[in-house]
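Colleague: I would like to learn how to read a helix and a sheet from a set of coordinates. Please take me through one case.

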Amino acid sequence: MKTILGPVAALALVACGAEVPVEDAPEASGDAAFEEGAMPVPVMGEEVRIVAFGDSLFAGYNLAEPEGYPEKLEGALRARGINARVIDAGVSGDTSRAGRDRLAFTLEGQEATPDLFILELGGNDLLRGISPEETRANFEAMLTTLRGADVPVLIMGMRSPPNYGAEYQEAFDAIYADLAEQYDTALIDFWLEDIYTRPELFQDDRIHPTAEGIEALVASTVDEVAAALPEDEAEQ
């Protein structure tokens, strides 16, 4: 079993209580994602609807509603001039199977077809030891549904901890990149990359980011979210 910590999920790193090296990560404050001194761009154009579909990492576990990732992401995009509306469709505790079960209902509940669907699941599959084959099948079902609805997708990738064993780790970690290529979606390879070695950015449960951790995540991912928008929407 490997003992060297690679780019594994913060869920795994902090839940086990292991000490990890602290590395520099993007600092964030306010709505983040901007160079210091930069002036916000006026919001223009038609509304861009983004569905943030995931688990407690999107639901803003133990945070005030304005402090969650979808809400902070909306603010960061709007400060760039993108007339974004980010719908928080995160449900704490959701596995990929739970997401699969509620996906159609979520899509049917939208006022219009989303311009982008951010798919963030898999962390609870890891915590429950669900087989990578089952997780992959659930993602395939969700991506097939989204392709059929002609909805652009951005997948937020996760990483397995090494203590699950090399075989499990290899199978799980391959899911996100494989399916992003197969279904031609945008991908953030490991979306917790910039905070997972910074325990001060996690709550006492050592699993969920603090408000400051969320701001750092927005700062490190907003470029990729903006790039995943259809070109006519991103250029507003």
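Modeller: Start with one face of a helix: the side of α6 turned away from its buried side carries the exposed residues E133, R147 and G148. Exposed means over 50% relative accessible area, buried under 20%, and partly exposed in between, with a 1.4 Å probe and protein chains only. The model is predicted, so local features need pLDDT of at least 70 and side-chain atom pairs count only at pLDDT 80 or more, while totals for chains, interfaces and linings use all residues. Residues are numbered from 1 along each chain as its sequence is written, and side-chain values use heavy atoms, leaving out hydrogens and water.

Colleague: Which residues of α6 are buried?

Modeller: An α-helix has 3.6 residues a turn, so residues three or four places apart point the same way. In α6 the buried residues are P132, T135, N138, F139, M142, L143 and L146. They cover an arc of only 130 degrees around the axis, which puts them on the same side of α6; the arc is taken from the directions from the helix axis to the C-beta atoms.

Colleague: What do the buried residues of α6 pack against?

Modeller: They pack against β1 (44-54), α4 (96-108), β3 (116-120), α5 (123-127), β4 (153-156) and α7 (166-182). Contact means heavy atoms within 4.5 Å. Helices (H or I, at least four residues) and strands (E, at least two) are DSSP runs, numbered from the N terminus. Just after α6, D150 takes a positive phi of about 60 degrees.

Colleague: What is the order of the strands in the sheet?

Modeller: Strands of a sheet pair through backbone hydrogen bonds, either parallel or antiparallel. Here the five strands form an open sheet in the order β2-β1-β3-β4-β5, with parallel pairing. Its edge strands, β2 (82-90) and β5 (186-188), each pair on one side only. Two strands count as paired if DSSP finds at least two bridges between them.

Colleague: How many bridges join β3 to β4?

Modeller: Three bridges join these parallel strands, and I118 stands opposite L154 in β4. β4 and β5 also pair in the parallel sense over three bridges: I155 has L187 of β5 as its bridge partner, and M156 has I188.

Colleague: Which way do the side chains of β4 point?

Modeller: V153 and I155 point one way and L154 and M156 the other, and all are buried.
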